[in-house]
Each structure stands twice: as C-alpha cells, then as structure tokens.
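Student: Could we go through this model together? I'd like to begin with the contacts along the chain.
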Amino acid sequence: MMSIRQRKEIKTTEVSEDFPAQGENVKLGDKLPSGYTSRRLWKILSFTIGGAIALCIGLLTSVYFATLHENDLWFSNIKEVEREISFRTECGLYYSYYKQMLQAPTLMQGFHGLIYDNKTESMRTINLLQRMNIYQEVFLSILYRVLPIQKYLEPVYFYIYTLFGLQAVYVTALYITSWLLSGTWLSGLLAAFWYVTNRIDTTRVEFTIPLRENWALPFFAIQIAAITYFLRPNLQPLCERLTLLAIFISTFLFSLTWQFNQFMMLMQALVLFILDSLDMLPAVKATWLYGIQITGLLLVCILQFFNSMILGSLLISFNLSVLIARKLQKNLKTGSFLNRLGKLLLHLFVVLCLTLFFNNIIKKILNLKSDEHIFKFLKAKFGFGATRDFDANLYLCEEAFGLLPFNTFERLSDTLLFYAYIFVLSITVIAALVVAFHNLSDSTNPRSKMGNCTVDLKPETAYNLIHTILFGFLALSTMRMKYLWTSHMCVFASFGLCSPEIWELLLKLVHLYNPKRICIMRYSVPILILLYLCYKFWPGMMDELSELREFYDPDTVELMNWINSNTPIKAVFAGSMQLLAGVKLCTGRTLTNHPHYEDSSLRERTKAVYQIYAKRSPEEVHALLRSFGTDYVIVEDSICYERRHHRGCRLRDLLDIANGHMMDGPGENDPDLKPADHPRFCEEIKRNLPGFMAHFTRVFQNKTFHVYKLTRNK
C-alpha cells in the first residue's frame, strides 16, 4: 500500500458559494439579522465543504498517479539500477544530482561538488547551480538528511512522493481557480475531474517524474489562482498584500524550478499588456504584476550565480519597455475610438522597438548565445527560411516540438471538455470584444451593451480568457506546451458552465432570461457532466488501477552493470545525450555531453560527438572524441539504423545535411549536397576493419549497444 506525504496546503479566503464572483448588489441593512446569520452560516458551511473536497480530490489524484506509476513499472519490486534507468533522458540527469548530494559525506561537500562539477562535462568545470534548475534536488536532499525518515523511506521514494504530492497541490490550485471565477466549488470539482479523465493530455508526471515542468507547473497554477483573486475589485488592503505575497512566492518558485520560465511568463506579460491597453484591467495592478515578474526573475538570477540567460531574457526587456513606454505616452486612454486606436498602435510599436533594443544591448554586453538555438528553431518553424542548422533541425524533427495532433481534440471531446471549452470561449470572446470596443470608444455609459443585454467582463475573467487564448496558440504550435493549455482549459470550461454571468448573457440573448433558470443551468449542467464522466470513465480507471506491468529493459541494465564492473570510476563516456544521462545516474562516470541543451559550447560538443553516426573517417572521429578526453564511446543500433523518423529527420540525415553530405536511401537531395568521402562510421566500425581497430577496440556488445575503448594518443 502506497502512502503519499501531503506536501502543501492551499488556503483560500473570501470565497462564497452563491455568486461571490459577481459581487452582488445586496444591501445588508435591508436584511433581517436572522437572515443575515443564516446566510453567513451557509457561506461558512459551503466554504468548509468546498475546501475539504479540494484537499480530498487533490490527495486522491496524487495517490492515483502514484499507483499508476507503481503498476506500470512494479517500481517497488525492481532493482535500484532499473529504477534509475526508468528515469529516462534528462530526468535521469536531474535525479543524479539528488543522488550525488545524498552520497556526499557532508552537505558542504555536496554543495562544493555541484558548484565545481567536473563530471557532467569532461575536461570542464561547471557550476551546476548556475547552469541548471536543480535547487529542488538540493532542497530535497537536505530535507531527507535532516528528517528522521531514512529508516522508513528510501531516497527514491521520498523524491517521487514529493512530485506526486505536488500533483495534489496542482489539482487543488486548478480547483480553487475555477471556484474563484465561478463562485461555486462545483466548478472546481468538474475541473479536477476533467484534469484526471484527460490525463494523457493534461500531465505526464507518472512517466517523466523528475522533469522540470512537473516541479514548476503546480507553482504556476498557484500563481494563476492568486492573480485571479488579486484582480478582484475592492479587496481589503490586508488581503491584497497577502495575495501579492502569494503571487511573488509562487512566481519565484516557478522561475526557480524550470529553465523555460521566462518564456511562459512572457506570455503572461503579454496577457497583462493586452488587457491594460484595452482598459480591461486596473493599470496599478498590472504594474504590480510586471514588477513581481521582474523581481522574481532577478532573485532567481542571483541564486543561479547571475545566469546570463535570465538577464538576457525577453521578459525583462519587455516588462521594462512597457513601464518606460507608459511614462513616455501619457493620456493613452483618452480620446475618440480612432484616436485611441492610433495611440495603441503607436504604443505597441514603441514597446516592440524598446524590447528589441534592450534585448540586443544586453545580449551584446553579456555575449549571450545560450538561447540562440531557440530563436533559430522558431525562425525555421514559422517559415522564415529553411535552415541546415543541426540544433534547430534537431528540435524541428521531434514530434514534441511539432504542431498539436488533431487526435488530441478527439480525446478531449470524448470527455466533453473540448465542446464545453469552445462554448464558454465563444461567449466570453464575444463579450470581451464588446467590452473592448466600448472601452476604446470612450463612451460616457459605464456599461457596454450588446443589443438589449448589458455586458460586463470582470478583470479576473478577462485575464483568464486572454491567458487561455495565448497559451492555446502556443500549444497548437508546439505540442510539448499543451500541458500548460489543457490544464487551464479544464479550469476555463468548468468556470463557464457554472458561471451565472455566462448563463445570464446567453439566456438574455435567446430571450429566456429568468433568475431561476440561471440557477438551474449553472448547477444542473455540471452535475450531468460529472455523472457522465463517472459513468463512462470510472470502469476504465478501475481497470487501469488493476492492470499490472513490469519494467523490462535488459540491454540497458546489462550495459550499466558492465560499466560499473569493468571501467575505472574516472572513465569518460561519449554517446547520445539521452543514454549518457542514464550513465551519469547509474554509474557516476564522467560524460562528454548531456541533455541539458541550454549552452552553446555544449551544443557544439554534442554535434561533434554525434559524428559517430555521420560519414566520417575513424581518424577524424577519434580525434574529435579524444579532444573531449573520451575513453569509451557507446554506439546505439537504434540511432544508427533509425526507422522512427522519416528520411530527412533521422539523426544521421541531420548530420549529413549539416556536413554537406547527401542523405542515404531513395529520395531527393539538395543540389549542393555532395557524396561523402567516407562510409557511415557507426556501420563500418562493426566490421573490425584495420583502420578502425587501430583507434577503437570493442569491449562490450549486446543486442542494442556497442562499447568501444579509444586508444590514447602517443
């Protein structure tokens, strides 16, 4: 029986069951004391029930994911090396630093080993705390050392239970956000149900546990919930200050735990910019949020020993540009419609120019090249010219960085989530357009109208609307980012179905408005959907929990055991990024390259090491590998004879194109590509020809891997 440690609770304040989000025009003085008391008791009871359900649903989700992970791998029964191998690619690299900290004789020696690391990249000493977002591994290792749990809980379980515990926090935060928007905890329950029933598209925590996003997204969800509450009008000063503190802490933790934080927060900054420009958000609150983003990111920059990639981020340049442009352009929100529209376009142009100016200046001063591969990838992805850049093509050919597959919408439709989302999105977009036009028209009427209907869009609703639209575009363009969108999709769809404003606007448009009908619709529709989800998906979920599998990767296990038994502890290994992360974790050997790709010199190293799959001579490959101090190189048949990608996207094809060589197999080649002077290295080395044997000696072989020892230069 698995037990999951509760890591953190989310406390909510000022949430009532009956229309708290719309701020009813109720005069308390007109009510009898007994009526006021009964209403207050009902609010307390509703809050208590809703809060208890939030914590229970979060905890149950955590246990559910942990059980799926156990059943899929039989994690409790497999060997330690198999557990570590199950942390694939970069997951294994991150977990290795947690293991390294625990194995250090003292905490100070552990810190020293991370700050002056010479095993992650051979012949180089790097500061891992500066390069990577691994403070969470450091924090967990300290906790495990300090807490009296070593006799009862293995280190690996303490690690994975923490991540599954964060899933409880994540689901609870989604629940609370939906509750805050709609005014009823029923919408939070529906959001949580949708999150779980769509787990294929909302999370991948059960099979990529140490991935940075699994650490970061719970804090991102807390931040969104806090921003949603902060944007409510007429908050008490104390509540406002506490909410700002919650936003700052969650922003800081989100930034600290994920290297792509700056790009996600840039999307948030764009949301604030759009709403502020259209006068749908108080300018003072937008300024506070801009400042919190900058402050949180700079604090992370300090903790990461002044990481230049953070200082050169577009987010800092953009936020500074917005604040400066505001000062330069006064009276931005006055005048006629055309006058204001012209001012906004000029404002947008000024912000864009200032952002590019600041960003280029900072990057030139810092000589920053860490993120250039991302912009090369984006340039090629959106059709601004073809590229032969190896790094950009490596991303372009990965399915995770491609467009969102159409079958995603089929799966989301099976749970009715996509239909509900489109329904709510359509109504709120129409309302937002009406409100935006009204705001830009400088009308004396404080309320906007659509026909005979009064349209009002609260700041917190407007924020979540633009948030879901921008992150939707991000997910559509890059499949890996869908987890940021689909989880918020659950929140937004459930909020809309339980929102009195949505149903009021809809019923007024079709001339069926009645206060009782609003109440019936906002409660009956989500309850019917919950019943449908239970009926359709509960049996399948029970089958999943009873289905038992077992981890099985004998070739990799054999390789790791051989390395541990037959190679020196200081031996340097070269190979694919994904495999070497496992080598680092399972054996502690030194690597030439690894999957954390946010460093220009590492990308050059990786391309050089990957020449083992290109058409190069043994002398050239040997010289390249020895320049990094390589003692052993691992050649993988799954890469050498790859069939997963189509022609032009196989790793060997990317290398051929980058080297100016014609690709293998039937098909066209660019006219300027030439036949290579040498055969493919990974194929020829297995023939034991004299030219290869003079530089490489095969010391291990199984069905998947071939390990060669390099001769040392005289």
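Student: What share of the contacts with a separation of 6 or more comes from residues 24 or more positions apart?
Tutor: Such residues account for 72% of the contacts in the chain with a separation of 6 or more, where contact means heavy atoms within 4.5 Å. This is a predicted model, in which local features need pLDDT of at least 70 and side-chain atom pairs count only at pLDDT 80 or more, while totals for chains, interfaces and linings use all residues. Residues are numbered from 1 along each chain as its sequence is written, and side-chain values use heavy atoms, with hydrogens and water left out.
Student: And His467, is that buried or exposed?
Tutor: His467 counts as buried because its relative accessibility is 0%, the cut-off for buried being under 20% relative accessible area with a 1.4 Å probe and protein chains only.
Student: Where does His467 lie, and what is His467 in contact with, leaving aside neighbours within four places in sequence?
Tutor: His467 lies in helix α21, which covers residues 459-477 (helices are DSSP runs of H or I, at least four residues, numbered from the N terminus). With those neighbours set aside, His467 is in contact with Phe220, Ile224, Gln268, Val271 and His488.
Student: Changing topic, how much of the whole chain is buried?
Tutor: Of the 714 residues, 57% count as buried.
Student: What does the C-alpha trace span?
Tutor: Along its principal axes, the C-alpha trace of the chain spans about 95 × 60 × 50 Å.

Conventions: Helices (H or I, at least four residues) and strands (E, at least two) are DSSP runs, numbered from the N terminus. Buried means under 20% relative accessible area, exposed over 50%, partly exposed in between (1.4 Å probe, protein chains only).
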